[in-house]
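Q: Please take a close look at the aromatic side chains of this model. I would like a connected account of how the rings pair and of the charges placed over them.

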Amino acid sequence: MAAAKSPEKSRLKLFKILRTFSASQMTSFYKFLNSPFFHNTDEVVRLFRFYRKQHPEYFIEKVNDEMVAKRLFPLAEHGPKKIKNFRTDLLKLIEKFLIINELERDPVQSKWLLSQAYHQQGLPGFFNKQLLAIEKLIHQKPKDLHYFQNKVNLSHTRYFHPDIPKFLQSGHLLKELLENLDEYYLSAKIKYAYEVRERMDKLKEVYVIKLLNEAQNQILTKELMQENPIVRIYRLLLELQQSPPDQLRFLAIKNIYFEILPELSNADGQAIFKYLINYTIKAIAAGQLRFVDVQFELYKLGLEKGLCLHNGRLTETTFINIAILAAHLKYYSWLDNFIADHKKFLNPEHRTTLVYSAKAYAYFNKGEFNKTAELIAKIERPITIMKLTTLSLEVKTFFELAITNDSYLELLNAKIRALNRFVSKENGLSPKKEMTYKNYLKFLKLIINFHFGIGMDKTELGQLKKDIEASSEVVQKPWLMEKINQLFKKREGPKPLP
């Protein structure tokens with residue numbers, strides 16, 4: 001018997017926005033909607049009250065214009081058209097509500113707008129008081145690019161004061177403006193240069209970073225390293241980025257990062273944390289396995305300081321990366337506690353899939369391959385972001401099962417073909433990442449051939465080991481090396497008794 005088709009959710013912009021609203025946001029918006037200042041249409045309020053009953057799913061069958069018109073305006077002509085017009089008005093009010101909320105979260109921007117309003121109203125005294133209030137607020141903020149940009153804007157407004165001719169202004173105001181502009185430029189240049197080089201490395205994109213050397217030289221002469229946390233940390237990261245993996249240097253920079261973390265904005269703190277994680281991933285891929293423990297400890301600190309959560313959510317990638325690390329390092333009790341404590345931060349739609357995956361990695365590293373396969377089988381449709389890791393774990397699991405029971409060989413080959421198809425088709429992988437998986441599959445097939453006696457002598461196996469060691473573009477390198485070493489032991493056989 002065919003499974004019942006799930007009702008389809010509306011894809012209209014209005015409902016996509018409303019789905020993100022919490023219960024408290026829905027209540028606040030209802031109060032906002034009832035204010036006569038913003039509109040005077042009772043029908044829009046009625047429409048929202050009806051939609052609110054469908055929160056948060058908004059299935060098409062319950063919110064389509066024809067059905068809503070019959071419920072709210074059964075006697076009206078052109079009811080669906082009326083609903084469409086009221087829905088457009090409701091969307092505009094929702095967007096206005098979001099704008100006001102953002103302004104309330106950003107007091108500096110709110111005061112900028114208020115100062116402009118005072119100027120337009122011809123109230124210079126109130127305008128000047130707002131500038132003083134803005135200056136005070138700016139210095140209470142983290143020293144991110146918004147901070148430096150606000151300082152530039154404030155200096156600009158003071159020098160080009162709307163009520164004072166600039167030739168009557170003191171020269172120090174212009175000097176202050178230029179200094180603030182330099183600091184903003186240098187901070188932005190050094191920050192964005194790191195991001196550019198990350199993309200050049202990962203995605204093989206080509207950029208010309210103009211004036212970077214000049215900016216770095218200016219940073220040294222202006223002695224911004226101690227006073228400006230963005231300049232300090234990104235300059236060190238740029239130097240690290242251009243050098244071979246260096247654990248001691250990395251740990252020193254990591255310590256500086258956590259030392260200045262309270263001075264950084266949440267956005268900068270999380271961005272730099274991600275850069276540090278990416279550096280350890282790159283180092284591990286290059287064969288620097290000492291970084292495995294470093295990465296795990298970095299994640300633990302990130303969890304402790306809230307750096308792994310984004311808008312109250314733990315991303316699927318972060319959750320599974322932490323689980324893979326803990327399982328690899330055999331911290332099984334820690335992993336159980338991690339899953340129990342942090343699964344609540346996962347997207348509810350994907351929570352079960354991710355928990356199954358995390359536990360499957362634990363079983364795999366314990367050598368309980370049948371249990372691993374059983375858990376993976378429960379993952380009916382892995383989310384796109386998880387499909388690659390799920391297929392990779394399946395391949396490894398059935399390899400381990402096949403080398404002790406060749407009845408699994410056909411299933412292993414099927415899993416390899418599935419992984420190869422996924423990697424080869426349009427899937428959002430960067431060319432570099434696609435190549436690392438193709439190399440992995442190429443090496444794995446050769447290892448399988450040797451395991452099952454299909455060609456390859458010990459000399460060829462030795463060459464394969466050298467090829468894997470030399471490759472900087474292959475995933476699962478430690479596991480492949482482990483399998484190669486097992487083959488050497490198998491080839492040599494047990495040592496004779498003395």
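A: In this predicted model, the aromatic pairs number 31. One of them joins Phe37 and Phe38: the ring centres are 5.2 Å apart and the planes meet at 85°, and because an angle over 60 degrees counts as edge-to-face, the pair falls in that class. The two partners can also be described by their accessibility. Phe37 has a relative accessible area of 71% and is therefore exposed, the cut-off being 50%. Phe38, at 24%, counts as partly exposed.

A further pair is formed by Tyr440 and Trp479, whose ring centres lie 6.5 Å apart. Tyr440 belongs to helix H22 (residues 431-451) and Trp479 to helix H24 (residues 477-492), so the contact ties together parts that are 39 residues apart in sequence. Tyr440 and Trp479 are both buried.

Phe37 and Phe38 also take part in a cluster linked by ring pairs, together with Phe21, Phe29, Tyr30, Phe32, Phe48 and Phe97. Tyr30, a member of this cluster, has Arg52 over its face, at 5.3 Å from the ring centre. Another charge is placed over a ring at Tyr332, where the charged end of Lys366 sits 4.9 Å from the centre.

Key:
Residues are numbered from 1 along each chain as its sequence is written. This is a predicted model: local features need pLDDT of at least 70, side-chain atom pairs count only at pLDDT 80 or more; totals for chains, interfaces and linings use all residues. Side-chain values use heavy atoms; hydrogens and water are left out. Rings of Phe, Tyr and Trp (its six-membered ring) pair if their centres lie within 6.5 Å; planes under 30 degrees apart count as stacked, over 60 as edge-to-face and the rest as tilted. Buried means under 20% relative accessible area, exposed over 50%, partly exposed in between (1.4 Å probe, protein chains only). Helices (H or I, at least four residues) and strands (E, at least two) are DSSP runs, numbered from the N terminus. A charge sits over a ring if NZ of Lys or CZ of Arg is within 6 Å of the ring centre and within 35 degrees of the ring normal.
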